[in-house]
Amino acid sequence: MATKIIKVGALARVEGEGSLYVRIKDDTVTDVRFGIFEPPRFFEAFLVGRDYSEAPDLAARICGICPVAYELGAILAMEDVLGVTVSQPINDLRRLIYCGEWIESHGLHTYLLHAPDFLGLADALELAKVDKPLVERALRLKKIGNDILEIVGGRAVHPVNLKVGGFYRSPRKAEIRRLRDDLKWAIDESEASAKLFSGFDFPDFEQDYTFIALRHERDYAIHQGRLVSNRGLDVPVSEFLDHFDEEHVEHSNALQGYMKAGTSPYMLGPLARYAINHDRLSERARAAARSAGLGPVVLNPFRSIIVRAVEMLQACEDALALVEGYDEPDRPAETATPRAGVGHGCTEAPRGVCYHRYQLAEDGSILDARIIPPTSQNQKAIEDDLRRVVEANLDLAPDALQWRCEQAIRNYDPCISCATHFLTLTVEWA
Amino acid sequence: MAPRKRPKLAVWKFSSCDGCQLSLLDCEEDLLAISEAVDISYFLEATRKPAKGPYDISLVEGSIATAHDVETIRQVRRQSRTLITIGACATAGGVQALRNFKNVKSFISRVYAHPEFIETLDQSSPISDLVAVDFELRGCPVNKAQLLEVLSATLNGRKPNVHKHAECIECKMRGNVCVTVAKGEPCLGPVVQAGCGGLCPSVGRGCFGCFGPTETPNTAALAEKFAALGLDPRDIQRQFRGLNANAEAFRKESERHGN
C-alpha cells in the first residue's frame, strides 16, 4: 500500500501565513488540510469596550490588502444600529473608493500573484524579465486603484477619511476629476487583460459550486445588496447568521464557515459574483467575458483570473461614471447619535462576502463584535477543490502536483491575514 | 567588467495585516528599479522561489505572538546583516497588543470554540524585545517614501533621513488648521512621531497615533488638555490605547487613567 504526503510549510503569493497538507493512500486522498498558522489576533475580543466610532479604523487593521472592506463593513453595521441613512453622493463616494480597492487588489492578484502560475514562472519579477512592458502596465493598473484610495481616503493602506455617517472631508471636485484619463486607459487595459488571460492553458476542472454573493437591484453589487445564492437563497444581510456559521477545526487558527442548510461547502468571490450578477455587468464587461470564452456561469476556478479581469473592467467603468458625475456632497457626513441595539454590515471584499455584526450599549460602546471574513468561509471549498485536484492529477510528478495545488489555492486569492482572526502546504508522499 | 553582486533582500512576516509589505509592492513606479538594485531573495507574498540566506537586508513586518515566532525571529537575525523592522506591529506590538492589557484566555474563548487548539503567547511583542534591530521604521502602515529612503540609505551605507520630531510640526508645515484649537477635537499630534504628512488633521480629524510616540513625548500635558476638552478618564485612556498601545510612553500614560 502506497501512502503519499504532499506538504507545503509556507505558501507563497498569498496574503498571510498558510499551509497545505494532503495525504494520499492507494490513489485516494484520505486527508486534506488547508491550515492557517497566522497567529490569532483577537479583533472581536478587543473591540469590546471600544466606542462605535473607533471600530472602522481598528477593524481596518485586520487586512492591509482590503481595509475598505473592513472599514465599510463596520460602518454599515454601526449605521444599521444607529438608524443612519446616508445621502446618494456619500453612497457614491463609498462605491468609488471600494472600486479603487477592487482595482488595486485584482490588479495585484491577477498579474503579480496568479499569472506567474500559468506561465511556469516563480514570480512577477521573472515575468518582468520576459515581458517588462506587461508588468509595467500591471503596476500602472494597480496604481490607479491606489490613486482612487488616496484621493478619496487619504492613503492606500488603511485610509483615514471614512467614518460612521460618511466621510471626514469631501474630496474636491478637481481632485476627483484628475482620475478621468487614467480610468479611461484602465478600462481598455482591463479589457486587454481579460483577452490576454483567456489565452492561458487551464486545467480541465469543474465543480458544481454553491455560490453566495450580494445582489443589488441595479449595480454589480459591491457594498450593498441582498445575500443571494444560485440555489434559491435570497435574504437581507441581517439574516446572515440564520444561514451561515463558523466552526473551529484543529489545524487552523481561522474559523471555517459553513451553511446551516446542507453539508456542501459554498464559494464566495469572483466566480460567485459573476454567476449571480452576470445580468448586472455592463455591456462592455459582458462582451469582454464573451470574447474571452466565458459563458454566463464559470465553474472552473482556474478561470477566476479571467473573471477578475472582467470585474476589474466593471470596477473601472463604474469608477469612471462616478468620477464624471461627482459633485461635492452638501455635507461630508450624516450625524450619528449613539443608541443601544444590534446592527449588520455586509460587503463584497475582492475575495468575497465579508460580514460584520455589532451590539452596542446605549452610550455607543461595543458589547459584542462578530466579523466573518471571506477566506474563512472559502476554506472548506478550497479543501474540497484540493481533494479533487489531487485525485485528478495523481500522474503528475510530485513537484508539479504541489505547484498545481498551490495554484488551486491561489484561485481563491486567499487573504490569510483576514481569516485569522488564516495557510502552509503539506502533501505527504511516502 | 564583471557585474557587481547585488545585495540580497528578504521580507519576513510575523503577526500583522500584510499592509506594510504591501507598501513595498505599492512602490509601483519604483518596484522594478528596486528589483534591479537588490536581489529579492525571500518575499513569500510575491514569490514561490525563496533563496537561502544569509541576507544583506531583512525587512521584518509583524509582532511576536507565538513561541514559534520567537524561534523564527532568532533564525532571521542570525541570517541577516542588517535587520530593519517595518510598521507598528514590528516596532511596538501593533493593534493586537491590546491583548497585553487583558486576560488572553478570555480573549481566546471569546473568538474560538476550542481554546485548546490555539497556541499563542500572552503578549504581542515588538521585534526589538527579542533580537537586536538596526533600524525601526514606524507607521500603521509605513510611509512608502520613508521605506524607499531607508532601503536606499542602507544600500548606500548612510543613516536614513527619517525625522523623529512630532507630527504636530509636519501638520503645521502642511498648513493645516489645528483641529484641537479650532474645533476642540482631541489629537495625538503633539506626542506622535511624524511620518504620515499630517493626514488626519488634513481631513479634519485628530491624529490617532499610527506612527507611535515621538522622542520624549509630554503625554501627561496632553492628557490634561484632553480632560480640559471634556474627555473622561476612559476616553483619555482609549486615545493612548490604539495602534501603538504597547509603546512604552503610551502604555504608561494609558495606565494612569484606569486599568
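## Exercises on a predicted two-chain model

In strand S14(A), Tyr355(A) has Ile372(A) as its bridge partner. Before we go on, note that this model is predicted, with local features needing pLDDT of at least 70, side-chain atom pairs counting only at pLDDT 80 or more, and totals for chains, interfaces and linings using all residues. Residues are numbered from 1 along each chain as its sequence is written, while chains are lettered from A and ligands numbered from 1 in the order in which they are written.

**Exercise 1.** Work out which strands surround that bridge and what packs on their sheet.

*Solution.* Start with the pair: S13 (residues 352–360) and S14 (residues 366–372) of chain A run antiparallel and are joined by six bridges. Strands here are DSSP runs (E, at least two residues), as are helices (H or I, at least four), numbered from the N terminus; two strands pair if DSSP finds at least two bridges between them. Next, look at the hairpin, where five residues lie between the strands and Gly364(A) takes a positive phi near 90°.

Now widen the view: the open sheet has the order S12-S13-S14 in chain A, with antiparallel pairing. S12 (341–349) and S14 of chain A are at the edges with a single partner strand each, so one side of each has no neighbour in the sheet. On average, neighbouring strands are turned by 10° against each other, direction ignored.

Contact means C-beta atoms, placed from the backbone, within 7 Å.

**Exercise 2.** Find the buried residues of helix H7 of chain B and what they pack against.

*Solution.* In H7 (residues 167–174), the buried residues (20 or more other C-beta atoms within 10 Å of their own, C-beta atoms being placed from the backbone) are Glu167(B), Cys168(B), Glu170(B) and Cys171(B). Down the axis of H7(B), they fall within an arc of 160°, so they line one face of the helix; the arc is taken over directions from the helix axis to the C-beta atoms. Their packing partner is helix H9 (199–202) of chain B. Just past H7(B), Gly175(B) has a positive phi of about 85°.

Key: A residue is buried if 20 or more other C-beta atoms lie within 10 Å of its own, exposed if 12 or fewer, and partly exposed in between; C-beta atoms are placed from the backbone. Two residues are in contact if their C-beta atoms, placed from the backbone, lie within 7 Å. Axes are lines fitted to C-alpha atoms, for helices over the stretch in contact, and angles run from 0 to 180 degrees between N-to-C directions.
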